[in-house]
Amino acid sequence: MSSRAGNVVTAERLLSAVEAVVHQKIAERELLAAHKNRIAAEVAAGAVKFSILRQTIGSDIVFDFEQSISFEGDSGPYIQYTYTRAHSVLDKAREAGLGGNPRSPGSSGTRKVERLLARFPDIVALSYQGLAPQRIVHYLLELSSEFNRFY
């Protein structure tokens, strides 16, 4: 793996560096150290995996350190953050005794998210057939973006 400057970086060093920056970003949060460590490890792994999987097979992998750890835009942490947000909404709905279909009649935002969710099996099949994991990455970015617009 290389950076824009052409430096070769081992996976271990890259993960450690990303993890250190994530630790800095969450340092002020009131969480147990073990929980911060788990978050940093998971976000770092997601950032690196996302950066690799979004590349087209056969092209050079360019790792943009700052973009890879952003919680906004095209990054693994952005998708992880959106997943956590959606999970939290569902948990709160269950705690409030809300069940069934959460859709409001006529909500275009909900319909867009539903349409995207319905496309998932097709996206996976196309990705598999074309040996193109970047299709799933781009789909997840689109889904995350649409969910955040809806939310």
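**Salt bridges, then a helix pair**

Tutor: Asp74 is partly exposed, because its relative accessible area is 38%, which falls between the 20% and 50% cut-offs. Bear in mind that this is a predicted model. Asp74 has a partner, Arg54. Their closest N and O atoms are 3.7 Å apart, and the two form a salt bridge. This pair joins distant parts of the chain. Arg54 sits in the loop between α2 and α3 (65-68). Asp74 sits in the loop between α3 and α4 (76-95).

Take Glu142 and Arg119. Their side chains also meet in a salt bridge, at 3.7 Å from N to O. Here the link runs from helix to helix: Glu142 belongs to α6 (residues 134-150) and Arg119 to α5 (residues 108-129). They are 23 residues apart, so this pair, too, ties distant parts of the chain. Glu142 is partly exposed, with a relative accessible area of 39%. Arg119 is partly exposed as well, at 35%.

Now stay in α6. Glu146 and Arg149 meet in a salt bridge, with 3.0 Å between N and O. Both residues lie in helix α6, three residues apart, which is about one turn of the helix. Their surroundings contrast. Glu146 has a relative accessible area of 10% and is buried, because buried means under 20%. Arg149 reaches 58% and counts as exposed, because the exposed class starts over 50%.

Last, the helix packing. Helix α1 (residues 11-26) packs with helix α2 (residues 33-53). The angle is about 130 degrees, and the axes are 8 Å apart. The two helices are therefore oblique to each other. That class applies because 130 degrees lies between the perpendicular range, which ends at 115, and the antiparallel one, over 145. The crossing of α1 and α2 is right-handed.

Who makes the contact? From α1 come Leu14, Leu15, Val18, Glu19, Val22, His23 and Ile26. From α2 come Lys36, Asn37, Ile39, Ala40, Ala41, Val43, Ala44, Ala45, Ala47 and Val48. By class, this contact of α1 with α2 has 13 nonpolar residues, two polar and two charged.

Note on methods: Residues are numbered from 1 along each chain as its sequence is written. This is a predicted model: local features need pLDDT of at least 70, side-chain atom pairs count only at pLDDT 80 or more; totals for chains, interfaces and linings use all residues. Side-chain values use heavy atoms; hydrogens and water are left out. Axes are lines fitted to C-alpha atoms, for helices over the stretch in contact, and angles run from 0 to 180 degrees between N-to-C directions. Helices (H or I, at least four residues) and strands (E, at least two) are DSSP runs, numbered from the N terminus. Angles under 35 degrees count as roughly parallel, over 145 as roughly antiparallel, 65 to 115 as roughly perpendicular and the rest as oblique. A crossing is left-handed if the near helix is turned anticlockwise from the far one by less than a right angle, and right-handed if clockwise. Contact means heavy atoms within 4.5 Å. Ala, Val, Leu, Ile, Met, Phe, Trp, Tyr, Cys and Pro count as nonpolar, Asp, Glu, Lys and Arg as charged, and the others, Gly among them, as polar. A salt bridge is a side-chain nitrogen of Lys or Arg within 4 Å of a carboxyl oxygen of Asp or Glu. Buried means under 20% relative accessible area, exposed over 50%, partly exposed in between (1.4 Å probe, protein chains only).
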